[in-house]
Amino acid sequence: MSNASDTPSGNPLHDLAAGLGVARNWRGADGNDNIVADETLIGIVTAIGYPASSVGDMSESMERLREELQAMPRLLTAEVGKATALPPVLAHARRAELALEHGDAVQDIAIEAGRLPPLHEPGYYHLHIAGHTIRLAVAPLRCFSLGHRENTGRCWGPAIQIPSLRTGRPGPFGDLGDLDEAVRSFAKAGADVVAISPLHAISSHAGRAFSPYTPSSRLFLNTALAAPQLAGLPPYATCDGGALIDWQTALPERRQALRRLFAELDESDRQRVAAWARGQGEALQRHALFEALSSCFGGDWGKWPRALQDARSSESARFAADNAPEIAFHVFAQWLTRRSLDAVQSAAREAGMAVGLIGDLAVGIDPQGSDAWAMQESILSGLTIGAPPDPLGPDGQNWGLTAFSPRGLAQSGFEPWLATLRATLHTGGGMRIDHAFGLSRLWVIPEGAPASQGAYLAYPFRDMIRLIMLESHLSQALIIAEDLGTRPPGFDEELAGRDLLGMRVLWFERSVDGQFRSPAEFEPASVAMTSTHDTPTVAGWWSGRDIDWNEQLGRGEELGAQRNARSLDRTRLWHALGGDAEQPPPSAPGAVVDKAISHVAGAKSDLAIVALEDLLGIEEQPNIPGTVTTHPNWRRRLAGPLDRLIVEKQVQTRITTLNGRKTDERRAQDQPGRPPV
């Protein structure tokens, strides 16, 4: 974040915006520079909490900002082996005392030229300095990586949309029980990871919002995915669903099934739940309270009685006491889901997977959801996040989500960010960070304004990266950074050498002349991928199914030009994939899928992730960005039980190809002079 005193422009609004990290200038994907209108700046800085409708307001806001920038920080970050510059408010300090957060030993340290001396053990410390106690987070120089695991070479695994799964057990959508079976099947097949979309809690009334990327809370889990049998309880008695999930019917039915389970719990199970809940702290109780209030007053907390809009008010506490059985039910649902998830990860590791599950951290939260209600002091209010205009979205994008406030994070000692990281890292052996560019900046849009009338808001990038590295180290978990799109200035330089695995998706790995890159060019600290949930599958791209959808949805212009460009790109792709046979027609994508998986398997990347849809040769993609009801996003299911689909001959051939990564790695390690993975 900028310092309010840095290079004043003479314009109080522009100086205030700069001090708050709101960029007045930005460069688009087309390389052109843009200037944000003053009206937009006023709307954004006012929403952040700094009035700017008059010169007087701006002057008062600027003075307040200066005072805040001189305040004592609650948390400082550092890196192992490097001296750390202290903020100006501590520049006069000469000595300090340091103690590990959970240790008794106190170390006396000297401060020279306003810098802490290098520390050599990563972890959280208490820094006693100038009469204050500040939390100090000392990060390792890089994230945990596959090279830290003994006998682990280049790995592969599928990316799975859990609701799409089918097994021999009937159900309206796939849940963690189905994921458990899928993990066991893929472990037997040789996979070491299974990447999954976010498991974040969605609204209890989620007929309106069932996307895993529109979470009510990133601290808690989607209880619709719980699998009672994994926690030693009777499985659901249910009927099978169709080819498309009917969420409006399926979710209420699943909630009723959960309520029946809760009502039938014996005393020992209730005690197990209560013991677990005591270890989860107040956040769990607040989320359960939110769910109970939502059932009573609706899903938008901004429309609740005013006293209940405050999670910590006496009226909220009274409601919780008066509705204790309902609160207990929602606590039980979280316990059951957590037990189910832990069982899946345990099964993955016991079956021999080196990593197991890789969870997904969504970029933002529902402004009407649980986290926004419980953490109002740390969340942007009156602003949503999205993307500026670009060639793929000329009007920009408004995702309808909100995010942490940079000032709120600093003032809270980054506690909400740490809690969010830990909740997702608890999923398994790794975490993918959705829209990782948001660690550096987010496109924010004032409420009611079009997406084009936004601006970039800067975040404390280095602090957030250091905390990610430290939490990765402490949890021994891989970190994948979704880095697709327009890169913020300095992003690559800050992440260089830190072992955050960037995503190298087939469709986007091209040279300036449009040719597809060789996988031999991919850096080891990356993930080679055939596609993502937001892109066409390999079969769908080859057949032009995505262009068919564009035509059906009225998206884009000159569809004939799109088809002509795709024809050229098919030739480019077939050439890049090493196709020595005649190029297959669009109606026969099977051989192209085989070659694409071989292409990804041959990448130098530490990890290869193949979408389950690609492994099975499916044409339809799970989600089309920019659509809500016009395409069946997050509703598609597999044609049959997964354990039957993956033993088909062509799928087995693709799996054998992916398992060749391990053989190739062992051979490479035997070669003299090759550095270890």
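This is a predicted model: local features need pLDDT of at least 70, side-chain atom pairs count only at pLDDT 80 or more; totals for chains, interfaces and linings use all residues.
The model contains a closed barrel of 8 strands, which runs in the order 10-11-14-17-20-21-22-23 with parallel pairing. From one strand to the next, the twist averages 30°.

When residues up to four places away in sequence are not counted, Leu439 touches Trp417, Ile433, Tyr459, Pro460, Phe461, Met464, Ile465 and Ile468.

Asp192 is placed in the loop between helix 4 (176–189) and strand 11 (193–196). Because its relative accessibility is 8%, Asp192 counts as buried. With neighbours within four places in sequence left aside, Asp192 is in contact with Cys155, Trp156, Lys662 and the residues Gly352, Met353, Ala354, Val355 and Gly356.

Aromatic pairs number 20 in the model. In one of them, the ring centres of Phe210 and Trp247 lie 5.6 Å apart and the ring planes meet at 25°, so the pair is stacked. This pair links distant parts of the chain, since Phe210 is in the loop between strand 12 (200–201) and strand 13 (217–221) whereas Trp247 is in helix 5 (residues 247–263), 37 residues apart. Both Phe210 and Trp247 are buried. Phe437 and Phe491, by contrast, form an edge-to-face pair, with 4.8 Å from centre to centre and 90° between the planes. Phe437 lies in the loop between strand 17 (430–433) and strand 18 (441–446), and Phe491 in helix 14 (residues 491–495), so this pair ties together parts that are 54 residues apart in sequence. Phe437 and Phe491 are likewise buried. One aromatic cluster is formed by Trp507, Phe516, Trp541, Trp542 and Trp574.

Charged side chains also lie over aromatic rings. Arg135 lies over the face of Tyr124, at 4.4 Å from the ring centre, while the charged end of Arg270 sits over the ring of Phe262, 4.7 Å from the centre of that ring.

Definitions and conventions. Residues are numbered from 1 along each chain as its sequence is written. Side-chain values use heavy atoms; hydrogens and water are left out. Contact means heavy atoms within 4.5 Å. Two strands pair if DSSP finds at least two bridges between them. Helices (H or I, at least four residues) and strands (E, at least two) are DSSP runs, numbered from the N terminus. Axes are lines fitted to C-alpha atoms, for helices over the stretch in contact, and angles run from 0 to 180 degrees between N-to-C directions. Buried means under 20% relative accessible area, exposed over 50%, partly exposed in between (1.4 Å probe, protein chains only). Rings of Phe, Tyr and Trp (its six-membered ring) pair if their centres lie within 6.5 Å; planes under 30 degrees apart count as stacked, over 60 as edge-to-face and the rest as tilted. A charge sits over a ring if NZ of Lys or CZ of Arg is within 6 Å of the ring centre and within 35 degrees of the ring normal.
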